[in-house]
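Colleague: Could you take me slowly through a single part of this model, the sheet and what surrounds it? I would like the terms spelled out as you go.

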Amino acid sequence: MEEMIRAENLVYEYGPVGDGRHAALRGISLAIMPGEFVAIIGHNGSGKSTLAKHFNALLVPTSGTVKVKGMKTSDPRNLWKIRQTVGMVFQNPDNQIVATTVEEDVAFGPENLGVPPAEIRRRVREALECVDMVEYMRHAPHLLSGGQKQRVAIAGVVAMRPECIVLDEPTAMLDPSGRREVMRTITRLNREEGITVVLITHFMNEAVQADRVIVMEGGRIVLDGSPRKVFGQVDTLRALHLDVPQVTELAYELNREGAELPPDILTVEEFADAIIGVSDRGVNDRSHKTEEGRARTADACGTTARGRGRSGQADCHGRAAAASCGGG
Amino acid sequence: MFGNITIGQYIPGDSLVHRLDPRVKIFITLVVITVLFLVHTMAGYGLVLLFILGAMLLAHLPVKFVLRGVRPLLFILVLTFGLHLFMNEGRVLFRLGPLVATYEGAFRGFAMSMRLVLLVLATSILTLSTSPIELTDGIENILSPTRALGVPAHELAMMMTIALRFIPTLLEETDKIMKAQMARGADFQTGNVLQKAKSLVPLLVPLFVSAFRRADELAMAMEARCYRGGQGRTRMKQLHVGAKDVLAAIGSTAALIAVAVYL
């Protein structure tokens, strides 16, 4: 399969030539395959936004190469084909909406591509359906919520029929519900439309939803792998002052206190399952409960999972007391 | 403070006026403006006012909202009226120290103020009932024959669209910065003109900085969406002059010219 994006020894420097030059990217090599959902995380100034801008030739490498479907970004003849293939959504929804109604803004991209008017109309409708904003077609963008604006911006890119969408911290300026809306849209585009997604984010629970997580620091890639593999390395991430998802951290801390949880827990559901597994084993060793009884304990653990340790212990004591009563 | 600026805003709708071809609407507005400068009688102004109110109702625009757009003009109106009132010769109305107010001055002042108000109303109906993109499409289209002469028609139109698009955004931002500065003790209300102007500095500096940042980001977003000027660009909305457009243009022009000729 042909790679969607390939970077080789990508170096990007800025500033005046001479001593004042800063390197934002210091030798990045990576390949992104069609249909992948890649999250890039890293500090402010780690180079992740700079890297993203290389993916559709908004920036070209100082040295090294970036290829989009085999087209070199440094060749100006490829420019428009590349930008049509790789769409980009930016952080501030206000600063990327050009037009004064939603439909006209979504039409902006296809208009630039010279698509015939009837076809533009069809694409605008499809794109708005895709992000669930059809009923806002004739609205003025400044009256929409942040999440809605960002979905309009995504529709504006979708209407250009890209094969890959790069999103540069699309949820950074949104409230939690807007963030959820946007994430739902992004995952849907990836799963249902098969669009390759590169998501740059600060939020670890968003990165977890990707197939692959790339961690950047100081213009280099320091970790690259499945979310499970990357977030399993809590120590490395901590050393980089990066967060891990809250449940992963909780599991990590519990393990340090002697619990025996898998180190690569990423979601609350997995955490709950793991806790059940642990307490299950305990219960089994002690009293050889039946399937039915195990299910019941699982329920109890599910409800006490939030209060962990203490209530768990109390539960055990209670059970022990009950057992002794019954025995007596 | 900025809520009452209606120029440049657009109220979406589906009325007859909304659906007219933007070029026709621009044409009619230009006719209204020309007639306003030709008319010299009260009855003439009255009829133009009627025409404008009629257009407002046809467009289903909230009359109160449109009229509020005149409010920022109040100072200029008072100044115009005052200057005309005292600067004209004729029958004496009253004296104020060395100043002499005349009947002729009062009439002229009133006529001038009326003219200004009607100008603002006519243009606000145009912008309120025409989406800025349609409006700029219209202007671009009207200007396109001059492209051969080196007039950058597309660029001008794009600049206008963006300016209009960002008016509400920047007003919102101004309001936010103002509140932030007021929360830290800035005072925008009191003092003489000079002090007031000075107090605007902490407002304008951040506003400009952020406007430049916005411009930078917008330019990048536009480029990312393959914008490369007017060449090879198509439009989703094609301009089309239909029967209703021709009728509207002929009807209003005839009516307005009649007003100009007979009154």
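In what order do the strands of the open sheet of chain A lie, and what kind of pairing do they have?

Modeller: This is a predicted model, in which local features need pLDDT of at least 70 and side-chain atom pairs count only at pLDDT 80 or more, while totals for chains, interfaces and linings use all residues. Residues are numbered from 1 along each chain as its sequence is written, and chains are lettered from A and ligands numbered from 1 in the order in which they are written.

The open sheet of chain A has six strands in the order 6-7-8-3-9-10, and their pairing is mixed. Strands here are DSSP runs (E, at least two residues), as helices are (H or I, at least four), numbered from the N terminus, and two strands pair if DSSP finds at least two bridges between them. Strand 6 (86–89) and strand 10 (220–225) of chain A form the edges, each pairing on one side only, and from one strand to the next the twist averages 20°. Within the sheet, strand 3 (residues 37–42) and strand 9 (residues 212–217) of chain A pair in the parallel sense over five bridges, and A:Ala39 has A:Val213 in strand 9 of chain A as its bridge partner.

Two helices accompany these strands. Helix 5 (residues 146–158) of chain A lies across strand 6 and strand 7 (164–168) of chain A and runs at about 165° to strand 6 of chain A; such angles run from 0 to 180 degrees between N-to-C directions, with axes fitted to C-alpha atoms, for helices over the stretch in contact. Helix 6 (residues 176–192) of chain A also packs on the sheet, where it touches strand 3, strand 7 and strand 8 (196–200) of chain A, and its direction makes about 150° with that of strand 8 of chain A.

Elsewhere in chain A, A:Ala107 belongs to helix 3 (residues 102–113) of chain A. A:Ala107 is buried, with 27 other C-beta atoms within 10 Å, where buried stands for 20 or more, exposed for 12 or fewer and partly exposed for the range in between, with C-beta atoms placed from the backbone. Apart from its neighbours within four places in sequence, A:Ala107 is in contact (C-beta atoms within 7 Å) with A:Ile120, A:Val124 and B:Met236.

As to the two chains, 29 residues of chain B are in contact with 34 residues of chain A, and helix 10 (201–224) of chain B is among the elements giving two or more residues to that side of chain B. Helix 10 of chain B gives the most there, with eight residues.
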